[in-house]
Structure formats: C-alpha cells, structure tokens
Amino acid sequence: MLRKEDSPDGGPYVNHLGLIIFLLGTLLRFVPFMYIDEFVWVREGETEVIPGTDQQYYVKNEKFIIETYGEEEEDAKFDEVISSQEAPIPKNFQTNAVVFQDISENLPGMEPELKEVKSGEIIVNEPMKFDGLALYQDSYQLNEFQSMSFKLHEKDDANEKAMVEFTVDLTDPKSEYTFDNGFRIELDSYYPDFVLEDGMPKSRTNYPRNPGFVFFVYPPNSEEPEVSFLAIGQNIDPNNQNNYKIGLTGFDVRNVSGLKVKRDYTLPVIGIGAFIFMIGVVQGMYWQHRRIWIHPEESKLLIACHTNKNWFGMKNEWEKVSSNTKFKFLQDQEDKE
C-alpha cells in the first residue's frame, strides 16, 4: 500500500512545543537570578539594601519630591476638580536616588564597601535601570516622624521650666538617657505606630507614624521610678502620683519613598513560547492535512483520501483529477436514500 501526504498539518506539534517553552519560562520565575519582584521603603537621607540582590546593591534616597495640582498657574483650569477633592492630587512624585554596589569581600561582620553605580531620578513610569534591575517609583509616605524632643519639668511648675532635655531617634531609639544633674530616664516601651486594642497598647506597624512611649523617670538618688506614658495628644500619669512630667518640645519629620524592585529575564523565553504557539494556531487554522492511500489488487487499484478539514474541496479536486480515467467513486452510505 502506498501513501502520500500533502501539505502536512504540524499545528498540534508546534502548539505543544510553544506551550512547553512558555511553561518553562514561567517556571524560571522561581529562580532568583531570573526573576525579582520586591519592594523597599527608603527614607530621605538613608541607604537601604536592595532586596533580592543578596546584599550586593544598595540605594540611597537623596531627596523625595512631590508636586500637586494647583501649585502652578497652568493648573487653574483644574480648580473645580481640585476643590472637590478632600486631599491634594499628586501631579508628580519622584525620588532622587543613588545606587551603590558592595565591592567588599562580603565576609560575616564586615562593613560593606560601597561604590557608586548610578545616580538620577526615579519617576513614575521612568525607572532607574542597572545590571538587569529596575527601580520603579511605586508609593510614598509624607511627613513620617524622624525624631521627637522632650523636656522633664516639675509637675506643679506653671512655667514648665526644663530640668533636662533629650531627643529620641525614632528609627533607633536609645534605651536609657542619663544627665549630669543625676536624673536618669529609661525608655521602657516604644510603639512606633501606637494603637489601643482591648485596653492594651500595640503597634500596627514598625513605622513611626503615631509614636507612643512608656518612660521610667529616676530622680537623683532614687531607685523607684515614676512611670509616664506619652503619645500624640496624650500624656498620662498612670498612678497620678508623679512629681515630674515629660512634655513634647518638638519633632522632625521626613518623607519616605516606596520603590519597586524588578528584574525579569524570563520575558524573552515566554515571548518565544507564545510566538511559536501562535504559529501552531495559524497552521491549524489555515493549513490542511491531506492523505492519499493507494492499495493495488490483482485487477484494480483502490484509492482513498483523507483530510482534516474541507473534505468537500478535496473531493472536488479528486473528481477533476480522475475525470478522464476509469476510476469509479464508491457511493457514501450517508448519500444513499
């Protein structure tokens, strides 16, 4: 028996090949070198390690800039919309940043030796790119508390004359503050984002957005402390027997920039797989898979044809080819009455 194939349809095979490559590309996203999707908060003036880089790269927030509608004369046409909003509408926000690379031997306990790699602006939809990585401007936090200054005075002093003054660094607070006049103040508890739940003080986050403090005040030559609780708008003497009071004298704030860290080496693999898959789809839609079988017998030849689509067209073509021959078509049982 002889068989001839005309216009072979390899669509299913190409489809499967493309699908395998596509799935391989998605699996490569679990390889850290191939795919990174991380987030980092960077405060103004601070340098943070870029997550997902194995502490190889650092980013410093030189300055965070935000512009809102209504600050310039050209925004006058938006006055009606601006006035209808409860909060300012951001027009642009960006981070002036510097990226460093750690060129030290990276031994345990060794301080990183940073070398500048790139500096510039990170603007929404305009990332800073380096070594296959991209830093995108994603979000921000305005006026986060950086430090708070306090003074200690006698509780009954109407003038609230300061006996001692001290400042608490809210990102790295000291546990104890000592003074030359014999006073000692301990920071017993610190709640960066204070909230009261079921009568118990807690912190919703680790970011100093609503700080709360529990101070132990030790007067000179005394081992029994006075306890004071302070938060924004709150100054509580739990026992109502304190002789001294701690008051807020000032604070410093700074802006915090939220950066998205992206690396994606899998996109070319996924793209190639999708492209090959589409080739298979086109082949399956427009290419016909035709087969012709020729089976010789003693006094005759049996010929059969098969196609995966448009069988009527193939039948007409074969009728034209065999129109001047002695071949006879068998009558399809479905055509019989």
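Predicted model: local features only at pLDDT ≥ 70, side-chain atom pairs only at ≥ 80, totals over all residues.

I started with Asp131, which I found in the loop between β7 and β8. Strands here are DSSP runs of E with at least two residues, helices are runs of H or I with at least four, and numbering goes from the N terminus. I checked phi of Asp131 and got a value near 45°, positive although the residue is not glycine. Its relative accessible area is 46%, so Asp131 goes down as partly exposed (buried is under 20%, exposed over 50%, partly exposed in between, with a 1.4 Å probe and protein chains only).

Residues are numbered from 1 along each chain as its sequence is written, and side-chain values use heavy atoms, leaving out hydrogens and water.

Next I looked at Asn125, in the loop between β6 (114–123) and β7 (128–130). Phi of Asn125 is near 70°, again positive in a non-glycine residue. Asn125 is exposed, at a relative accessible area of 70%.

Then I turned to pairing, which takes at least two DSSP bridges between two strands. Which strand does β8 (residues 133–154) pair with over 17 bridges? I found β17, in the antiparallel sense. Glu144 stands opposite Arg254 in β17.

I also saw that β17 (residues 244–264) runs antiparallel to β2 (residues 35–43), with nine bridges joining them. There, Glu38 stands opposite Val261 of β17.
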